[in-house]
Amino acid sequence: MKKIAAIDIGSNAVRMLICYVISSEDKHFFQKNSYLRLPLRLGEDTFKNGVISNQKITLLTNAILSFKYIMKVHGVKDYQIYATSALRESKNSKEVISIVKKKTGLNIEIITGLKEAKIISKGNSLEQIDFNKTFIYVDVGGGSTELSILRKGEQKISKSFKIGTVRLLNNLVDDSILMEIKHWLKSNIDSDDKIKLFATGGNINKIQSMTGSKSGKPISYLSIKDLSNILIEFNYQERMVKFDLNPDRADVIIPALKIFISTMEFVKANKIFVPKVGLVDGMINEIFYENSSSKLDS
């Protein structure tokens, strides 16, 4: 059975998703087989210093090399590696890609924020689109936030904004960015639109479990707001202990909540749906249907 793999080099973490491709008549389904996430925090280097340090380059190289061996064990033939804002904005990105290529044999492609937003929205099934509603997708990453809008079944419009959890943690976001998001959303929806808001990324998945919202059910605005008010009362170490949060989640969840809450307020949404997909899910779709993948050597 065919397996394909997608690797996302983000600002906060590097992720790999391996899927089976199951074909039935003229339809194809992607069944998740393996998922790995490594919190490298490349964005800490890029957003503070403008370049990725040698230490982080070594960590990234080791991560990609480990992914390569895991793909071989799984029998993966087709793969794609995309890098987002951390590599996109680093001054030594070409050097980083060259080093990784030399030591692993794998190719990394840097994608624009716009392409990132479009790929993320591909991970969401549009088979049950309600043409009377406006669908908004928000993906909060470490270095950027991607937004896509689908109005009444028409072509999606997407935009990437330089606001993310790692940037916010390091006080590297101008207050005007949130106003830019608000203006863009207001400019592309009507006041009488029936909004259905979807959120993706590791933080919203954790937020759903912390609010006690059931999988497949939306999270209410009040639940998210209450969680935010509770978490800010505790420091970093206390959040890890009291709420059983991993070290790489206990800090970024606060700025993530800020972005989600702001987005809900901008579009006056009282609930947010969590499809549990992200860039790697959209990449799997793209690799199979658009055949833009690389081949893994035997």
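## Thr200 and its surroundings

Thr200 touches Ile120, Val138, Asp139, Val140, Phe260, Pro275 and Val277, leaving out residues up to four places away in sequence; contact here means heavy atoms within 4.5 Å. This is a predicted model, where local features need pLDDT of at least 70 and side-chain atom pairs need 80 or more, while totals for chains, interfaces and linings use all residues. Residues are numbered from 1 along each chain as its sequence is written, and side-chain values use heavy atoms, without hydrogens or water.

**Thr200**
- Thr200 sits in strand 9 (residues 195-200). Helices (H or I, at least four residues) and strands (E, at least two) are DSSP runs, numbered from the N terminus.
- Thr200 counts as buried because its relative accessibility is 3%. The cut-offs, for a 1.4 Å probe and protein chains only, are under 20% for buried and over 50% for exposed, with partly exposed in between.
- The side chains of Thr200 and Asp139 form a polar contact of 2.6 Å. Such a contact is an N or O pair within 3.5 Å; within protein, one atom must be able to donate a hydrogen and the other to accept it, and sequence-adjacent residues count only through side-chain atoms on both sides.

**Nonpolar cores**
- The largest nonpolar core has 37 residues. A core joins buried Ala, Val, Leu, Ile, Met, Phe, Trp, Tyr and Cys residues through side-chain atoms within 4.5 Å.
- Ile163, Ile207, Phe260 and Ile272 have the most contacts inside this core.
- Strand 6, strand 7, helix 7, strand 9, helix 8 (202-211), helix 9 (221-231) and helix 12 each supply at least two of the core residues. Helix 12 gives the largest share, nine residues.
- Phe260 is in contact with Val138, Val140, Ala199, Thr200, Asn203, Ile204, Ile207 and Ile272, setting aside neighbours within four places in sequence.
- Another core, of 26 residues, lies apart from the largest one; Val14, Leu42, Ala63 and Phe67 are among its members.

**The cavity**
- The whole structure has one cavity of 30 Å³ or more. On a 1 Å grid over the protein atoms alone, a cavity is a set of points where a 1.4 Å probe fits but cannot get out, and lining residues have an atom within 4 Å of a point. Points are joined across faces, edges and corners, and volume is the space filled by probe spheres set on them.
- Its lining is Ala117, Ile120, Ser121, Tyr137, Val138, Asp139, Glu146 and Ser148.
- Helix 5 (113-122), strand 6 (134-140) and strand 7 (145-151) each give two or more residues to that lining.

**Helix 1**
- Helix 1 covers residues 42-49, and its buried residues are Leu42, Gly43, Asp45, Thr46 and Phe47.
- The cover over these residues includes strand 1 (3-9), helix 2 (54-74), helix 3 (85-89) and helix 6 (165-169).
- Gly50 follows helix 1 and has a positive phi, near 85°.

**Positive phi outside glycine**
- Asn171 is not a glycine, yet its phi is positive, about 55°. Asn171 lies in the loop between helix 6 and helix 7 (176-188). With a relative accessible area of 71%, Asn171 is exposed.
- Lys268 is not a glycine either, and has a positive phi of about 55°. Lys268 lies in the loop between helix 12 (253-267) and strand 11 (271-272). Lys268 is exposed, with a relative accessible area of 71%.

Note on methods
1 Å grid on protein atoms, 1.4 Å probe; cavity = no way out; pocket = protein on both sides within 12 Å on 5 of 7 lines; lining within 4 Å.
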